[in-house]
Structures are given as structure tokens and as C-alpha cells.
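Good morning, colleagues. Please look at the structure on the screen while I describe the ligand site and the pockets.

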Amino acid sequence: MNAIIFDLDGVLCHTDEYHYMAWKAIADELHIPFNREVNNQLRGVSRMESLELILRNSPVCYSEQEKFLLAEKKNNIYRELLQNITSKDLADGDGLGLPICALEKLHAVHIPMAIGSSSKNTPLIVEKLGIGKFFDAIVDGNQISHSKPDPEVFLLAAEKLHQKPSDCLVVEDAEAGVKAALNGGFLVAGIGPAKDCPNINYPLLSLSELLAIEGHPA
Ligand code: BG6
Ligand code: MG
């Protein structure tokens, strides 16, 4: 393993909870059943595709214009929630209440690192959390045409790191993200809900476990 590509929402930070809250507000308003199980299917999936998945549970047929406005409304709620994010929203990297520690340690051993996220809000989140300095490349939803499970976001990140996919470890919390990484020929570590996904190379309980993998090539 020569490099690590991190998903953002649900891996580096707990913004996945804010996605859930924002979609829940929209679903409740439309009287569409929505729970954490449905929400887990939206992890890694683009905004419009997430809306389509939610609307599958509605008997109402929405026009393209209505869908656009619903997605915009969700994003406004989400961005309002993002205004309050701080380092407490960073994932707990070492289980000791020092969330940035794992990133700092990996950065210190000069392992190239990138973010590969479907989110168009990545620049805002990275700026608010102050984690940009750790990454050699950031690829997000603004730079890709195909969302996970398509491997585009990770392939572009590997290219920017000048690495072959098979030399990069992707860290993901989403089934769609794990599939994207496997489709692209990457090594995969699953964390959170993706810990038990089939075919992953490493199940992780915390990001600090990456320090044990680094230096022990798969
Ligand atoms: C992914 C999230 O990182 O980004 C998804 O896991 C989200 O839940 C997707 O739908 C797109 O995010 P955004 O911020 O562009 O709406
Ligand atoms: Mg994620």
C-alpha cells in the first residue's frame, strides 16, 4: 500500500449525521417513510440519486423541477447544519478523544493521502474542519460525472497522487463506496456500516488502525 484515499462523510467526519437530519426533514414534510436503514442506502450516493431513492417510497410523482427544488431545499438545510461544525465532528481517530491524531501520524510518515468524496460540499467541510493540510489531493462531487459505485472519484484521486489503484487503500463507510473502490481495483478498508461489507481487505473500528496497516503492505 503506497497511499490512502479517504471518503469524507462518515469516515473523516460525522457529517453523515447531518445528511440524515436534512433528508429526514424533507421526508417528514412529504410524509414519506424514512429511517436510518433507508439512510444507510444513501451513503456515498449523490444528492439527486439520494432523492430518487427516497421518492421511491412515495406514491406521488414529482416533476423534474419539483425534484430540483427538493434537492436544493435539502442542501440548504444541510449547509445550515454545516455552519456549526467544529473539530468535534471529526471522526474519533484514535479512540482517545484526539480525533486528528491518526491523520497527523500518517502525515508524519509521509504517506500520500487524498480525499475521494461524492459531496459537492467537500470544500466547505474541509475548510471548516481545517484538515486540508493533510491531503495531497482532494477530489469531490464537483469534479466527477459518475457517482459511487462508479470508481471515477477514486480513479481521479489515484491519478492525482500518481499511484496505481492497486497500490492505494480506500477507506469507506458506504456500501456504494466499497463497490466503487472494488470496481476500480483498489484495496478497501471498511469502517462503520461498511465494516462488514463482503470482499473488503480490512475491517476498521477506528482510523488509528490504519497506522498498523501502513508499513505492512497487503
Ligand atoms: C456523500 C454522502 O459523501 O455525498 C451522501 O455520503 C451525499 O450522503 C453525497 O448524498 C452528496 O453530498 P452533497 O453534499 O453534494 O449533497
Ligand atoms: Mg461516506
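A polar backbone atom of Gly 44 lies 2.8 Å from an oxygen atom of ligand 1. I call a polar contact a pair of N or O atoms within 3.5 Å; within protein, one must be able to donate a hydrogen and the other to accept it, and residues adjacent in sequence count only if both atoms are side-chain atoms. Lys 120 also brings a polar backbone atom to 2.7 Å from an oxygen atom of ligand 1. With Asn 121, it is a polar side-chain atom that lies 2.7 Å from a ligand oxygen atom. On its own, ligand 1 has 390 Å² of accessible area, and the protein covers 97% of this (Shrake-Rupley method, 1.4 Å probe; for residues, only the protein chains shown count as cover).

This is a predicted model: local features need pLDDT of at least 70, side-chain atom pairs count only at pLDDT 80 or more, and totals for chains, interfaces and linings use all residues. Residues are numbered from 1 along each chain as its sequence is written, chains are lettered from A and ligands numbered from 1 in the order in which they are written, and side-chain values use heavy atoms, with hydrogens and water left out.

Which residues come nearest to ligand 1? Of the 15 around it, they are Asp 9, Val 45, Ser 119, Lys 120 and Asn 121, where near means a heavy atom within 4 Å. This shell divides into three nonpolar, eight polar and four charged residues. Here Ala, Val, Leu, Ile, Met, Phe, Trp, Tyr, Cys and Pro count as nonpolar, Asp, Glu, Lys and Arg as charged, and the others, Gly among them, as polar.

Ligand 1 takes up the space of the largest pocket (more than half of its atoms lie within 2 Å of the grid points). A pocket is an open set of points on a 1 Å grid over the protein atoms alone, where a 1.4 Å probe fits, with protein on both sides within 12 Å along at least five of seven lines; lining residues have an atom within 4 Å of a point. The largest pocket holds about 620 Å³ of space, a volume being the space filled by probe spheres set on the points. Its lining has 33 residues, and Val 45, Ser 46, Arg 47, Ser 118 and Ser 119 are the closest to its centre. The helix α4 supplies the largest share of that lining, five residues.

The second largest pocket has a volume of about 200 Å³. Among the residues closest to its centre are Gly 10 and His 14.

Finally, the backbone: the peptide bond from Lys 148 to Pro 149 is cis, with omega near 15°.

Notes:
Helix = DSSP H or I, 4+ residues; strand = E, 2+ residues; numbered from the N terminus.
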